[in-house]
Amino acid sequence: MGRSRLEVYVDVLKGLARGSSKLTHIMYETGVNYTVVKQRLEFLLKQNLVEETIVKKRNIYHITERGIAALEALSTLENTLQVSCSSSGVAEQTIYQCL
């Protein structure tokens, strides 16, 4: 089963939380194709969760303070929902599969 859109957004944010990156690096890290990563980055940029700078004619993406806050909120939600997910009787589901 493929990852949900939300999972890809979270993967992109988590990757950028580890350090700034080019689109192609994000693509390889998330295992998602160029078009999808570009679409997800455009959405994250519009939401002010990610910012873009140009360094030597290359677009570099960075997570913003708002993006970090969003990741922290998602982490709290994941931890809160983990109990109900684990009680579903299905082993090793991600929280996104339980929702």
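Analyst: The largest nonpolar core has 18 residues, and L16 and L41 are the members that touch the most others in it. A nonpolar core here is a set of buried Ala, Val, Leu, Ile, Met, Phe, Trp, Tyr and Cys residues joined through side-chain atoms within 4.5 Å. At least two residues of this core come from each of α1 (5-18), α2 (23-30), α3 (34-46) and β3. The largest share is that of α1, which gives 6 residues. In soluble globular proteins, nonpolar side chains tend to be buried together.

The model is predicted: local features need pLDDT of at least 70, side-chain atom pairs count only at pLDDT 80 or more, and totals for chains, interfaces and linings use all residues. Residues are numbered from 1 along each chain as its sequence is written, and side-chain values use heavy atoms, with hydrogens and water left out.

Helices (H or I, at least four residues) and strands (E, at least two) are DSSP runs, numbered from the N terminus. A residue is buried under 20% relative accessible area, exposed over 50%, and partly exposed in between, with a 1.4 Å probe and protein chains only.

With these terms, the protein chain has 5 helices and 3 strands, in the order α-β-α-α-β-β-α-α from the N terminus. Of its 99 residues, 31% are buried.

Apart from neighbours within four places in sequence, L41 is in contact (heavy atoms within 4.5 Å) with V12, L16, L23, I26, V50 and Y61. Within α1, the buried residues are E7, V8, Y9, V10, V12, L13, G15 and L16. An α-helix has 3.6 residues a turn, so residues three or four places apart point the same way. The 14 residues of α1 should span 20 Å at 1.5 Å a residue, and the end C-alpha atoms of α1 are 20 Å apart, which agrees; the expected span is 1.5 Å times one less than the number of residues. Just after α1, G19 has a positive phi of about 155°.

Two strands pair if DSSP finds at least two bridges between them. Strand β1 (residues 21-22) runs antiparallel to β3 and is joined to it by 2 bridges; S21 has Y61 in β3 as its bridge partner. β3 also pairs with β2, again in the antiparallel sense, over 6 bridges, and here H62 in β3 stands opposite E51.

The hairpin of β2 and β3 has 2 residues between the strands. K56 lies in the loop between β2 (50-55) and β3 (58-63), and K57 is placed in the loop between these strands too. K56 has a positive phi of about 50° although it is not a glycine, while the phi of K57, also a residue other than glycine, is positive and near 65°. K56 counts as exposed because its relative accessibility is 77%, and K57 counts as exposed at 82%.

Beyond β3, T64 sits in the loop between β3 and α4 (65-86). T64 counts as buried because its relative accessibility is 13%. Not counting residues up to four places away in sequence, T64 touches N48, L49, V50 and E51.
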